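Me: I have a model open and want to go through it piece by piece. Can you take my questions as they come?

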Amino acid sequence: MASFEVIGGKPLKGEIVPQGAKNEALQILCAVLATDEPVTISNIPDIRDVNKLIELLRDMGVKVGKLSSDTYRFQADAVHLDYLDTPEFIAQAGALRGSVMILGPMLGRFGRCQLPKPGGDKIGRRPMDTHFLGLEKLGGKLTLEGTDFYRIKADNGLTGTYMMLDEASVTGTANIVMAAVFAKGTTTIYNAACEPYLQQLCKMLVRMGARINGIGSNLLTIEGVERLGGTEHRMLPDMIEIGSFIGLAAMTGSEITIKDCQIPELGIIPDTFRKLGIQLEFRGDDIHIPAQEHYEIATYLDGSILTISDHTWPGFTPDLLSIVLVVATQAKGTVLIHQKMFESRLFFVDKLIDMGAQVILCDPHRATVIGLDQRTRLRGITMTSPDIRAGVALLIAALSADGRSVIENVEQIDRGYQNIDKRLTALGAQIRRL
C-alpha cells in the first residue's frame with residue numbers, strides 16, 4: 001500500500017492543466033460497445049479506474065490501439081459474449097464501478113448482458129435500481145442470481161416507451177440512453193440527468209447516428225435506430241480537478257493558473273468557491289487564482305450562516321463537497337456543508353479535527369465548519385485516504401499544514417487523479433511517494 005509524505009506550509013506557483021474528465025471517460029468508453037466501427041477518443045485520463053475499464057474492454061474482445069499518450073482507437077467488431085461467463089470477467093467487472101455502464105450498449109446491440117455487483121468507493125448506498133427499472137421498461141428481462149449477479153436479456157429486442165426516472169442518476173441515465181438508441185419507436189426519459197458528461201455522451205451518440213432530442217435538459221426524446229457508426233470524440237477537462245485546484249490555491253495561499261478549463265461547462269462551481277471568498281479571474285478559457293492571505297465566507301442577505309449543498313446538475317456536484325469543506329477550515333466565517341446524496345462521504349472530518357480544524361459533524365450528512373481564518377494553521381498527521389475525493393481533500397489539507405503529514409492508501413487517489421504528486425511537485429509542492 002503506497003503513501004504520500006507531504007511537507008506542508010509552502011505556497012505554490014505556476015500553471016497546471018486538468019486531466020480529461022474521469023466521469024465522462026467511464027461513459028464514453030462503454031459507448032464504444034454500441035458499434036462495430038472504429039471510435040477514436042482523445043483526452044483520456046491516465047488513471048487507474050479508466051485504465052482498468054480499457055483493460056476490461058480489451059479482454060471482452062474490443063480492439064484497442066493507443067495512438068498517443070491520451071488518444072485511443074477502439075473497435076468492438078468481435079466482442080466475445082462468452083467472456084461474460086468467465087471468472088475473470090466477474091473479478092474485473094466486480095472491482096470497477098464504471099463497468100455498470102456496459103449494460104446499456106450490450107443490451108441494445110446484442111440483446112443481453114450480465115454483470116456482478118460493481119465495486120467503487122465506499123461512500124454510502126449506491127443502488128442500481130434506476131438502471132434496471134429503466135432497462136426493464138424498454139423490454140429487458142432481469143434475473144438476479146443470489147444477491148450480487150445480474151443477468152438481463154431482450155430476446156425480442158427493445159421497444160421505446162415513456163419513463164420517469166425515480167432519481168436523476170447520471171450512470172443510470174447513461175445506461176438507459178445507450179440502450180434506448182436501439183429500441184424500436186420513441187423513448188421519452190423524464191427526470192434524466194443532464195450533467196455535461198451525459199451531454200457529451202449524447203452528442204457522441206448523435207454523431208454515431210443516434211436520434212436524441214433535449215440534450216442538456218431533463219427531458220430526453222430518443223428515436224431508435226438499427227445500428228450506429230464510428231466517430232471521433234474529445235473529452236472535457238475534469239471539473240472535479242479544476243475545483244480541487246481552486247481549493248488548493250486558496251488553502252495554501254498560492255498563485256495558480258488552471259489552463260484550458262472549458263469554463264462554460266463548469267456551471268455554478270466557480271461561483272460556489274467565490275462564496276467562500278476565493279478570488280477567481282477568467283482569462284480566456286483559463287482560471288487564475290491570485291495568492292490570498294485571507295478569504296471570507298459569505299452569508300445570506302439576512303446575515304444567516306451560508307449552506308453549501310450538493311444537488312443534481314445544474315446544482316453543485318457532490319464530488320467537490322469534500323474540497324469545499326477542507327477549504328472552509330481556513331476561511332473567515334462559518335458554513336454548513338450538507339452532503340445529501342451519500343451518507344458516508346463526510347466520515348473523513350475526524351482527520352481534519354485531528355489536524356486542528358474546527359468542524360462539528362452534525363450527522364452523517366451535515367457538518368458545520370468554523371473557519372480559522374489562517375490564525376492557526378493545521379498540523380501534519382498520519383492519516384488514511386477513505387475514498388478518491390476525500391483523499392485529495394486531505395492532500396490539500398496536508399499541503400497547507402505545518403510539518404509532515406503521511407497519507408496512506410493513496411491508490412484511492414490514483415483511481416481519480418493522474419500523477420497528482422508529480423503535477424503538484426511541478427508547482428513547488430513537497431510530496432514524496434513512499
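**Rings, strands and helices**

Reply: F89 is buried, with a relative accessible area of 0%; buried means under 20%, exposed over 50% and partly exposed in between, using a 1.4 Å probe and protein chains only. This is a predicted model, where local features need pLDDT of at least 70, side-chain atom pairs count only at pLDDT 80 or more, and totals for chains, interfaces and linings use all residues. Residues are numbered from 1 along each chain as its sequence is written, and side-chain values use heavy atoms, with hydrogens and water left out.

Me: Which ring pairs with F89, and is the pair stacked or edge-to-face?

Reply: The partner is Y83; the ring centres are 6.0 Å apart and the planes are at 75°, so the pair is edge-to-face. Rings of Phe, Tyr and Trp (its six-membered ring) pair if their centres lie within 6.5 Å; planes under 30 degrees apart count as stacked, over 60 as edge-to-face and the rest as tilted. Y83 has 15% relative accessibility and therefore counts as buried.

Me: How many aromatic pairs are there in the whole structure?

Reply: A search finds three. One of them is Y72 with F74, whose ring centres are 5.9 Å apart with planes at 20°, so that pair is stacked. Both Y72 and F74 are buried.

Me: What does strand β5 pair with?

Reply: β5 (residues 71–75) runs antiparallel to β3 (residues 39–42), with three bridges joining them. β5 also pairs with β4 (residues 63–68), again antiparallel, over five bridges. Two strands pair if DSSP finds at least two bridges between them. Strands (E, at least two residues) and helices (H or I, at least four) are DSSP runs numbered from the N terminus.

Me: Which residues in β5 are the bridge partners of T40 and V64?

Reply: T40 is partnered by R73, and V64 by F74. In a regular strand, side chains alternate between the two faces of the sheet.

Me: How many residues sit between β4 and β5?

Reply: Two, and the strands form a hairpin.

Me: Switching to helices. How many residues of α6 are buried?

Reply: Nine of the eleven, so α6 is mostly covered. Among the buried ones are N175, I176 and V177. Helix α1 (residues 22–31) is also mostly covered, with nine of its ten residues buried.

Me: What caps the N-terminal end of α6?

Reply: S169 does, with a side-chain oxygen 2.8 Å from the backbone nitrogen of G172. A polar contact is a pair of N or O atoms within 3.5 Å; within protein, one must be able to donate a hydrogen and the other to accept it, and residues adjacent in sequence count only if both atoms are side-chain atoms.

Me: What is I176 in contact with?

Reply: I176 is in helix α6 (residues 170–180) and counts as buried at 0% relative accessibility. Leaving aside neighbours within four places in sequence, its contacts include H131, L138, M163 and I189; contact means heavy atoms within 4.5 Å.

Me: Last topic. Where does UniProt place the "binding site" feature?

Reply: The unreviewed UniProt entry gives R97, D319 and M341. UniProt positions are in the numbering used here, feature names are shortened, and annotations may be inferred rather than shown by experiment.

Me: Where do R97 and M341 lie?

Reply: R97 is in the loop between α3 (87–94) and α4 (103–110). M341 is in the loop between β18 (334–338) and α11 (349–354), and is partly exposed at 33% relative accessible area. Not counting residues up to four places away in sequence, M341 touches D310, H311, T312 and P318.
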